[in-house]
Amino acid sequence: MTPSVAALKVKIFADGADKARILELSANKWVKGFTTNPTLMKQAGVSDYQGFARDILASIPDRPISFEVFSDDFTDMERQALKIASWGNNVFAKIPITNTKGESAAPLIRRLVQKAVQLNVTAILTMPQIDETVDALKGTRHSYVSVFAGRIADTGMDPIPHMLACKQILGSRPKAELLWASTRELLNIFHAEESGCDIITVPNEFLSKLDLVDKDLAEYSRETVQLFYRDATAAAYQIKTTRVAAE
């Protein structure tokens with residue numbers, strides 16, 4: 001049986017970069033934090049990275065928000081992460097576990113942990129990446145470990161056993177929370193709960209469906225038929241038929 005939203009232990013973070021929608025969601029009691037990334041910001045038409053971030057933080061100072069570095073050079077990543085972290089106590093600097101050359105970010109993560117930066121280590125898919133992330137986060141003040149469960153599922157692999165294994169490994173880092181990333185459908189919220197994840201990032205289009213949880217399926221069926229009927233009527237569709245004579 002699917003639990004109600006109120007009974008969930010997993011925290012829901014809104015994933016997006018549309019300012020109006022972020023501010024709207026800040027009033028939603030189910031949304032406990034926010035994440036974004038350069039791709040989402042580009043899609044939303046953001047041109048001033050720092051201006052956008054500071055604007056959002058001015059409106060939402062009381063919940064965690066993750067902003068991602070965008071350099072491919074680890075030295076520049078470090079400078080960007082330190083700058084991002086300086087924007088507020090609720091800020092988490094997102095660091096990809098690897099750069100575009102496939103080089104591990106673990107040494108950078110260690111340096112940032114030593115500087116007390118709150119991190120969101122992102123784009124993790126493999127168990128070796130989990131192992132090196134957990135090792136690098138020793139002594140972390142507070143960090144998120146973002147495993148892209150949706151992308152794992154895209155390959156045909158069930159991500160739930162994978163996430164359960166990640167949660168077990170993270171047991172040695174109580175201040176590092178496991179985050180289910182790249183959510184593909186609302187049901188993933190309950191998959192994340194089942195996997196013992198601490199957090200799930202949810203895109204706007206799925207957050208709008210939270211009201212459907214626990215909805216009566218018979219009523220939902222009737223509403224679906226009503227939708228089809230309204231649209232067919234509005235389109236004035238017709239099929240020429242021959243009257244069937246009564247026997």
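Reply: Helices (H or I, at least four residues) and strands (E, at least two) are DSSP runs, numbered from the N terminus. This is a predicted model, where local features need pLDDT of at least 70 and side-chain atom pairs count only at pLDDT 80 or more, while totals for chains, interfaces and linings use all residues. Residues are numbered from 1 along each chain as its sequence is written, and side-chain values use heavy atoms, with hydrogens and water left out.

Me: What do the side chains of Arg-21 and Glu-24 form?

Reply: They meet in a salt bridge, 2.9 Å from N to O. That term means a side-chain nitrogen of Lys or Arg within 4 Å of a carboxyl oxygen of Asp or Glu.

Me: Is Arg-21 buried or exposed? And what about Glu-24?

Reply: Arg-21 is buried, at 18% relative accessible area, whereas Glu-24 is exposed, at 52%. Buried means under 20% relative accessible area, exposed means over 50%, and partly exposed is in between (1.4 Å probe, protein chains only).

Me: How many salt bridges does the structure hold?

Reply: There are 14 salt bridges. One of them joins Lys-11 and Glu-177, with the closest N and O atoms 2.7 Å apart. That pair links distant parts of the chain: Lys-11 is in strand β1 (residues 11-15) and Glu-177 in strand β7, 166 residues apart. Lys-11 is partly exposed at 29%, but Glu-177 is buried at 11%.

Me: Which residue does Asp-55 meet in a salt bridge?

Reply: Lys-19, at 2.5 Å from N to O. Asp-55 lies in helix α3 (residues 49-59) and Lys-19 in helix α1 (residues 19-25), so the pair ties together parts 36 residues apart in sequence. Asp-55 is partly exposed at 32%, and Lys-19 is partly exposed at 36%.

Me: New topic. Where is Ala-181?

Reply: Ala-181 is in the loop between β7 (176-180) and α9 (187-194). Ala-181 counts as buried because its relative accessibility is 5%.

Me: What does Ala-181 touch?

Reply: Leaving out residues up to four places away in sequence, Ala-181 touches Ser-146, Val-147, Phe-148, Ala-149, Gly-150 and Thr-201. Contact here means heavy atoms within 4.5 Å.

Me: And how far apart are Ala-181 and Ile-199?

Reply: They are 18 residues apart in sequence and 8.7 Å apart in space, C-alpha to C-alpha.
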